[in-house]
Amino acid sequence: MVNGMPVLAGQRILRLASFRYLLQHPWQLALTIIGIALGIAIIVAVDLANESATRAFQLSMENINGRATHQVVGGPSGLDEAVYIRLRVELGLRDSSPAVEAYGVSGEEILHLIGFDPMTNMGQETRFGALEEGVMEDLITIPGTALLAAPTAKRMKLDKGDAFDIDLGGRKHRLRLIGLLEARDRPDAAIEGLLLTDISTAQEITGFIGRLSWIDLLLEDGVDKKILETIRANLPPDAELVPAESRSNAMMQMSQAFRTNLMAMGLMALIVGMFLVYNTMTFMVIQRRHLLATLRMLGVSRGELFRIILSEALLVGVVATVLGILVGVLLGSGLVHLVTRTINDLYFVVTVTDLQLSAAPILKAVMLGVGGTLIAAFIPTLEAAMTSPQAALRRSMLEAHTHTFVSRLSVVGLALFIIGLLLLAIPSKALALGFASLFLLVLGMTFITPLLVMKCVSLSNQLGAGRLGVTTRLAIRGISDALSRTGTAIAALMLAVATTIGVSIMIDSFRASVSTWLEATMRADIFLSAPGLGSGRSLTALDAGLIRAVKALPEVTGVSEGRQVTIESEGKLTKLFALKLADSAQPGFQLKEGDPDVVWPAYRRGEAVLVSEPLAFHRGLRAGDAIALRTDDGLRHFPIAAVYNDYGSDQGKVLMARSLYNRHFRDRAVAGLGLYIQPGITPEVVIDKVKALAAQAGQQVRIRSNREIRAYTLEIFDRTFAITHVLRLLAILVAFIGILTALMALQLERAKEIAVLRATGVTPGEVTRIITIQTGTMGLLAGLMAIPTGLVLSQVLIHVINKRSFGWSMESLINLNELSAAIILAVSAAMLAAIYPSWRMTRTAPALALREE
Amino acid sequence: MVLALWSIPGCSRSPDAQADADRALSSFLGQGDSTPEGFARAETAREFRFPEDHGAHPDYRTEWWYFTGNLATDQGRHFGYQLVLFRFALAPGRVERSSAWATKQVYMAHLALTDVESQEFRFHERFARNAAGLAGVEASPFRVWLEDWRVEAVDGEDETWTLQAGESDMAISLTLSPLKPVVLQGDRGLSRKGPEPGNASYYYSLPRIATKGVITLGDEHYPVAGLSWLDREWSTSALSEEQAGWDWFSLQLNNGYDLMYYQLRHKDGRVEPFSSGTLIDPEGGTTALRREDVFLEALDTWESPLGGLYPVAWRMEIPLAGLEVEIQSMLKNQELDTSVRYWEGAVEVKGKQGDEEVSGHGYLEMTGYAR
């Protein structure tokens with residue numbers, strides 16, 4: 001405090017001095033804010049997209065479950081409707097409600113069809129709201145009448161009285177809209193896509209005659225165990241009584257791994273973002289060391305200095321966070337479609353049209369944005385405040401200090417890296433542990449980066465002495481001389497590029513494994529299936545007449561028949577693939593364990609089943625174990641003959657011979673055919689014939705040649721990873737801004753130095769050369785160091801994260817082009833970032849730059 | 001008993017309670033703005049055949065199986081009960097669809113119990129479609145049910161039925177054996193409700209049914225015995241626009257006589273000339289009663305807390321039978337606040353037939369009073 005100056009006035013002057021500085025450097029301020037905002041935006045976007053999809057699913061489950069506390073569920077072909085009559089009429093369980101469920105497509109919309117009995121209390125009053133007068137009567141008495149969620153109807157431009165078509169498993173049905181469902185006090189997401197019909201209409205259009213999808217029960221709190229037992233005693237062996245929430249949980253579980261990965265992507269983005277925040281805040285403080293030292297010499301106390309800078313950081317943090325949240329929300333609505341599409345492709349059907357704005361992601365963003373900025377500003381501020389004013393006035397002191405700091409930092413980095421390695425060595429299935437070690441490894445590598453930069457620079461100086469030109473040496477020396485600025489920038493770029501390398505290698509390896517698997521597994525020439533949605537209990541079946549006709553085609557030499565169902569037993573959903581192999585076909589499945597000569601005969605005889613690798617991983621199963629599945633005759637244990645490779649499902653599945661399936665399930669539906677055709681005949685000829693047969697049978701079918709189905713599968717694969725591409729791009733953008741900020745700060749600060757160079761006869765072109773070489777070298781160093789980091793990252797992703805998320809093992813495939821592309825990316829990002837600062841440098845008249853002081 | 005519902009009132013609740021009640025009532029009364037197309041109508045007398053006619057007549061819009069009775073324990077604790085199952089055709093025509101749930105017919109049931117000693121009246125209402133085994137009727141062996149409320153023939157016997165119905169707070173389990181043969185009401189079973197042809201129903205009763213069983217209230221079981229009455233009626237349209245409601249009596253006297261009489265009231269207060277009834281002697285012989293044969297006078301009223309003034313005590317005089325009785329409700333509040341609000345309850349009868357003192361019990365139903 002200046003003697004005699006009133007406290008408030010003094011603080012105002014300090015604050016003015018601080019803000020004046022910021023205002024004099026608008027670019028730096030803007031880039032700082034943009035950098036932090038981008039980091040925050042990514043977190044918010046990923047969080048919101050993720051949460052919206054989850055929330056939409058939960059809301060629609062809640063809405064559909066209504067007040068139900070329990071559900072009676074059946075096997076692959078649902079439940080006999082007589083079960084409901086027994087419960088309701090004979091046991092007098094009146095708080096019960098039957099449901100027939102299916103997913104259909106109408107235009108662009110995926111509709112969730114539920115057939116219910118509007119006459120039951122639960123159906124009428126609590127689940128779907130009050131019905132308008134006459135609607136209930138029409139629903140019951142007029143076949144093909146339906147109620148549709150109002151927001152969905154609006155999008156489809158449908159109004160009461162309109163007719164529309166719905167495609168269910170390849171068959172079109174015409175429905176008439178006799179009413180709209182309003183969300184009332186719930187969010188629209190609760191009813192989005194919901195299509196209600198009377199249970200009779202639902203049974204008829206889905207072909208689920210005599211069957212129900214499930215029965216809802218409302219049993220009072222603390223329900224008498226005896227009632228549960230009585231209900232169970234009255235259920236046929238294929239039915240099970242389960243708590244209502246366990247079903248939605250089981251379904252949510254299915255997409256857990258996917259969502260965890262998405263979160264990890266968001267975390268990666270955050271780490272990059274945090275680097276940026278630290279980077280820019282450090283610059284903002286370091287650049288003012290001179291000013292701060294002067295203030296200190298004028299008598300400003302450390303505490304005051306501290307407060308001023310932190311309040312400044314707070315302001316920057318708040319502005320950037322608000323901006324970041326806004327951008328994040330915009331970005332999120334784009335992401336949510338990608339997330340939803342992936343979920344619909346792979347897991348269950350969910351209709352998300354709106355981004356759900358919830359408090360948690362925003363709160364998280366505020367904490368990370370504001371808190372992160374403060375923490376990032378804290379260390380340099382502390383350093384600035386603690387340094388004696390005289391020392392602070394000298395630049396060389398700072399750099400000398402930085403060099404000691406860099407050495408210590410690399411020791412910490414090494415320690416983190418080793419801890420990360422040790423964590424990997426722990427045999428565990430915990431995904432969180434995998435992520436922890438991943439971050440430790442990457443963080444460790446990042447911390448070591450500045451030291452490596454220093455070593456590289458001094459190495460090049462030693463080697464280059466006499467060989468390199470003055471400008472080049474000047475440029476390279478500059479990197480290590482200003483390590484406090486360049487170090488973090490290079491580290492941030494390195495991290496972003498390493499992430500790109502790691503994720504690319506992981507995806508490439510994954511894709512290659514899937515491709516190899518497709519080659520091996522898809523042996524048939526043509527695949528024919530009934531279109532279905534989601535992976536819930538599907539009603540989709542091929543027309544029996546069509547199957548007979550296709551088998552009778554002269555070109556067809558062999559047919560394999562597949563049927564995939566989801567078995568709900570003991571609170572778990574298990575995919576079961578019942579497959580009748582074509583006689584001629586060599587099974588294309590690659591066994592992970594087990595002798596094919598023993599396994600396949602046992603499989604064909606129906607003595608044992610196979611489980612796919614992810615299922616074996618998740619449930620801890622091995623060949624020789626048994627898996628319990630609820631069949632039509634009750635719970636049965638099936639011996640496992642082998643574990644096989646399969647990338648088709650991340651929850652995994654059970655492969656069962658159709659003959660064995662038929663022994664335990666009354667379901668006779670076939671959902672897909674694999675056709676083997678005579679050699680020399682082009683698949684297209686047969687495809688046309690099959691299409692004609694399908695048209696005759698009145699069923700729309702998916703028919704693809706072997707080649708097409710591989711392409712299609714890979715397309716789905718690429719679509720799944722589309723979101724990761726977006727996130728990687730964003731991370732690079734964040735890093736780019738980081739390097740731009742660093743260069744701006746560096747070059748602006750070196751204005752005087754450059755001016756001296758210019759005054760001593762260095763041409764603007766040579767200045768540009770110095771800057772270009774310097775930034776190019778920084779980019780190159782970042783790119784080079786990104787390679788080992790990226791490789792480590794990729795191996796952890798492939799062998800730890802992927803394995804623990806999905807249970808898939810894969811060969812890692814390292815593409816050299818990818819690595820060189822990463823270096824080019826790093827160099828060009830750095831060069832691109834140098835354009836503006838170098839343009840400015842060369843434009844400034846040396847006299848002007850020198851006159852500044 | 002003239003309940004001619006053709007749609008299910010009250011299933012769709014509107015904010016305007018009175019408009020709702022009015023609409024419900026007009027539905028209840030079988031009053032529509034148009035003559036329903038596609039349904040059969042009760043126009044001429046027909047031949048009744050049993051047990052077939054105990055079953056459903058789905059070509060008509062409305063039909064019911066109406067059980068009421070007065071029962072008592074050995075100690076004289078008195079109960080009244082009502083179990084009625086209504087069948088409604090929501091639309092004309094039969095259903096030919098593949099789903100077992102497809103139907104155009106639905107059932108509604110009301111269950112009520114009057115506990116005179118504790119002055120308590122309980123009632124419950126249910127709906128179910130006539131499909132998939134949820135509700136329905138079978139003529140032989142006789143069975144009518146809505147979920148677990150049911151009346152059905154005891155194994156192999158067409159003449160003895162069991163009646164079972166309950167809710168969380170009450171249950172009745174009774175055995176019913178008719179003491180008199182079927183009585184065809186009106187003109188050989190054709191019961192006209194007004195001058196318009198077709199505004200009529202087919203109507204028969206089992207007027208005196210020996211009843212034994214158990215009534216359960218909470219944890220208490222009461223062995224009871226007494227008499228029940230069954231009304232069976234089906235029609236498509238019964239009442240005209242001008243008719244407001246009715247007062248219906250079924251009385252069982254201790255001298256073996258039974259009596260049914262309904263009076264239809266017009267909105268202007270006039271009594272419909274087509275009001276009618278039947279006096280049944282101890283042997284089952286019948287005497288038709290016309291409007292001019294019966295003098296009815298309300299003695300006392302009870303105001304429903306939900307709105308409406310019900311005449312809950314009556315004097316009835318039938319000179320041609322020498323009958324003069326007072327009819328008193330055993331509990332004033334026997335109003336059912338179901339999707340249609342009406343009063344239906346146990347009554348006590350005291351008076352003279354000629355010189356002979358008579359007493360007995362019965363049921364009184366009053367509609368069109370709720371406001």
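**Close-up views of a two-chain predicted model**

**View 1. Chain B as a whole.** With 371 residues, a compact globule would have a radius of gyration near 21 Å, and chain B agrees with this, having 19 Å (the radius of gyration is taken over C-alpha atoms, and the globule rule is 2.2 Å times the number of residues to the power 0.38). This is a predicted model, in which local features need pLDDT of at least 70 and side-chain atom pairs count only at pLDDT 80 or more, while totals for chains, interfaces and linings use all residues. Residues are numbered from 1 along each chain as its sequence is written, and chains are lettered from A and ligands numbered from 1 in the order in which they are written. Taken along the principal axes, the C-alpha atoms of chain B fill a box of roughly 60 × 50 × 45 Å. The secondary structure of chain B comes to one helix and 23 strands (helices, H or I with at least four residues, and strands, E with at least two, are DSSP runs numbered from the N terminus).

**View 2. The contact between chain A and chain B.** Chain A and chain B each bring 23 residues to this contact, where two residues are in contact if their C-beta atoms, placed from the backbone, lie within 7 Å. On the side of chain A that touches chain B, the elements giving two or more residues are helix H3 (81-90), helix H5 (135-141) and helix H7 (199-206) of chain A, and H3(A) gives the most, with five residues. The residues of that side of chain A divide into ten nonpolar, five polar and eight charged (Ala, Val, Leu, Ile, Met, Phe, Trp, Tyr, Cys and Pro count as nonpolar, Asp, Glu, Lys and Arg as charged, and the others, Gly among them, as polar).

**View 3. The two domains of chain A.** Chain A is divided into domain 1 (79-237) and domain 2 (531-700), with bounds that come from an automatic or database domain assignment. Taken over C-alpha atoms, the centres of domain 1 and domain 2 of chain A are separated by 30 Å. Twelve residues of domain 1 of chain A are in contact with 14 residues of domain 2 of chain A, and the residues on the domain 1 side divide into five nonpolar, five polar and two charged.
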